[in-house]
Amino acid sequence: MHIATTHRNTDFDGLASIIAATLLYPGTVAVCPKNVNPNVHRFLSLHKTAFDIILAGEVDLANVTRLIVTDTNQWRRLDRVDQLRGRDDVEVLLWDHHMGIGDINPHWQCVEKIGATITLLARAIKEQGIALTPLQATLFLLGLYEDTGQLTFSSTTPEDARAAAFLLEQGADLNIAVDFLNMAYGEVQKKVLFRLMRDAEQHEIKGKRVGIGVVHINKHVELSMVVQLYGKIVNADAVFVIFVNEGGGYFVIGRSSAPEINVNNILQRFGGGGHPGAGSATITDTRMAPGEIRQKILAALHEVQRGGALVADMMSFPVTTVPPSTPMDDVRRIMEEKKIRGVVVEEEERLQGIVVLWDLKKLRLKKQWSSPVKAFMNRQVATIPPDALASEAAELMVQKNIGHLPVVQGEKVIGIVTRTDIINYLYGMLPM
Ligand SMILES: [Mn+2]
C-alpha cells in the first residue's frame with residue numbers, strides 16, 4: 001500500500017498536496033489527519049466524498065511500503081504513522097517548502113523555498129500533462145492562495161504565480177475558492193465597508209431584504225469578503241455592490257443567502273456569472289452609468305422567481321431501499337455491489353431510517369453482521385421535498401454535515417441527494 005499524508009491541523013496546502021500526490025503516483029491513497037483547520041473542515045464537510053480520502057486511523061500500517069509526506073518535514077506533525085519511522089521496507093518521499101531542519105530523512109525529495117507545497121506538485125502535474133478536474137484545480141488553488149496570501153506574501157515566487165495560472169487554466173473556480181479563504185482585510189476593505197454602511201440602499205423585494213451599493217475604487221483588491229460582511233451586518237438576504245473603477249468600467253459582486261435570489265442568473269445579464277449564492281460581473285461598457293446598472297439589477301430582482309435548479313433536477317433515483325429486517329451483511333453487500341455509500345430503510349413505502357457506509361464501521365463483533373439493519377440505522381433522517389431548491393439541499397447538507405438527503409413526497413422516498421449531486425450542481429455541471 002502506498003499512502004500520501006500531511007501535517008495535523010491540516011491546511012489547504014496540505015490537503016491539496018496529498019490529493020495531488022495521488023495523481024502523480026497512481027494507486028496512492030490520500031490519508032488525512034483527523035484534525036484539520038476550520039476552513040478545511042468546512043470544505044471537507046461538503047467535498048469529502050468527491051475525493052478519495054481516508055483518515056489516519058484507518059490505515060493498516062503493516063501493509064504500507066511507500067509513504068509520501070507533504071508540507072512538513074517533521075514526524076511529530078504527522079498523524080498516527082509513527083510506526084513507519086525507521087522501517088527498512090518503507091520508501092519515504094518528501095514534497096515540502098519548509099526549509100528548517102526536519103527529522104524525516106526521505107529516500108527522495110522535492111523541497112524548494114517557495115510559497116506553497118502545492119506549487120511543486122502542480123508543476124510536476126503540468127509537466128506530465130495530467131489534466132485536472134475543476135474541483136481538483138479549485139482545491140489546489142485554495143492551497144496556493146492560502147499559503148501565499150493570494151500571491152501577496154513575500155515568500156511568493158514566480159513559480160507560485162505560474163502554478164496559479166495553470167490552475168486557473170484547468171478551471172479553478174474563484175467564486176468557490178474565496179468562500180473558503182480568510183481574505184486579507186486591509187485599509188481599502190475597511191473604507192469600502194464604511195461607505196457601504198453609510199450609502200448603500202436597502203430594498204424590500206418580494207419579502208426579501210436586498211442591499212445595493214455603488215462604491216468608487218481606485219485600486220483593484222479582493223472585495224468579495226467585504227460585500228459578504230456588509231450583507232451579514234445589515235442582515236440582508238442578498239447584496240449587490242457595483243464597484244466603479246477610476247480608470248473606467250465596473251465590477252459587480254453579488255451574494256445571496258435567499259434561494260429565491262439567484263446571483264448567477266442576475267449577473268449573467270451583465271456577461272458575468274457564478275453560482276446561485278455568489279457571483280460577479282466585469283462590465284467594460286463605460287457608456288452605462290452606475291445608476292443604470294443598479295436599475296437593471298433591481299428590475300432583474302423583481303422578475304426573478306425561484307431561479308435555479310430544483311432538488312428534482314439534481315437528485316439520483318431510483319433509490320436503493322431495504323426493509324428494516326435486512327441483515328447488516330446484506331446491507332454491506334448491496335453497498336459494495338451498487339458502489340453506493342447509503343441505503344434507505346423503508347417499510348410499506350414509508351421511510352424508517354437510513355444507514356450509511358460510516359455506520360458499517362461501527363460494527364465490531366462478527367455476530368452483529370447478522371443483526372437487522374433497524375438496530376444500526378439512523379432514525380432521525382433529514383429529508384427534503386422535490387420542489388425545494390437545489391441550493392437549499394446543499395445548505396442543509398453542509399449544516400447537518402450529512403452525505404445523503406432522501407427526497408420525500410408525502411411519506412414516500414422518490415430520490416436521494418448525495419454529496420456528488422451537490423458537487424455537480426455547485427460546479428455548474430447541471431443544466432440550470
Ligand atoms: Mn504549506
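A: Two residues are said to be in contact if their C-beta atoms, placed from the backbone, lie within 7 Å. Helices (H or I, at least four residues) and strands (E, at least two) are DSSP runs, numbered from the N terminus. The model is a predicted one, in which local features need pLDDT of at least 70 and side-chain atom pairs count only at pLDDT 80 or more, while totals for chains, interfaces and linings use all residues. Residues are numbered from 1 along each chain as its sequence is written.

With these terms in hand, the contact itself can be read: Asp-13, Ala-16, Ser-17, Ala-20, Ala-21, Leu-23 and Leu-24 in helix 1 meet Thr-117, Ile-118, Leu-121, Ala-122, Ala-124 and Ile-125 in helix 3. By class, this contact of helix 1 with helix 3 has 10 nonpolar, 2 polar and 1 charged residues, where Ala, Val, Leu, Ile, Met, Phe, Trp, Tyr, Cys and Pro count as nonpolar, Asp, Glu, Lys and Arg as charged, and the others, Gly among them, as polar.

The axes of helix 1 (residues 12–24) and helix 3 come within 9 Å and cross at roughly 20 degrees; axes are lines fitted to C-alpha atoms, for helices over the stretch in contact, and angles run from 0 to 180 degrees between N-to-C directions. Helix 1 and helix 3 are therefore roughly parallel to each other, since angles under 35 degrees count as roughly parallel, over 145 as roughly antiparallel, 65 to 115 as roughly perpendicular and the rest as oblique. Helix 1 passes helix 3 in a left-handed crossing, a name used if the near helix is turned anticlockwise from the far one by less than a right angle, with right-handed used if clockwise.

Helix 3, residues 117–127, also lies across strand 4 (66–70), strand 5 (91–96) and strand 6, and runs at about 110 degrees to strand 5. These strands belong to an open sheet of 6 strands, in the order 3-2-1-4-5-6, whose pairing is parallel; two strands pair if DSSP finds at least two bridges between them. Strand 3 (53–55) and strand 6 (108–111) stand at the edges with a single partner strand each, so one side of each is left without a neighbour in the sheet. From one strand to the next, the twist averages 25 degrees. Within the sheet, strand 1 (residues 2–6) pairs with strand 2 (residues 28–32) in the parallel sense over 4 bridges, and Ala-4 has Ala-30 as its bridge partner in strand 2.
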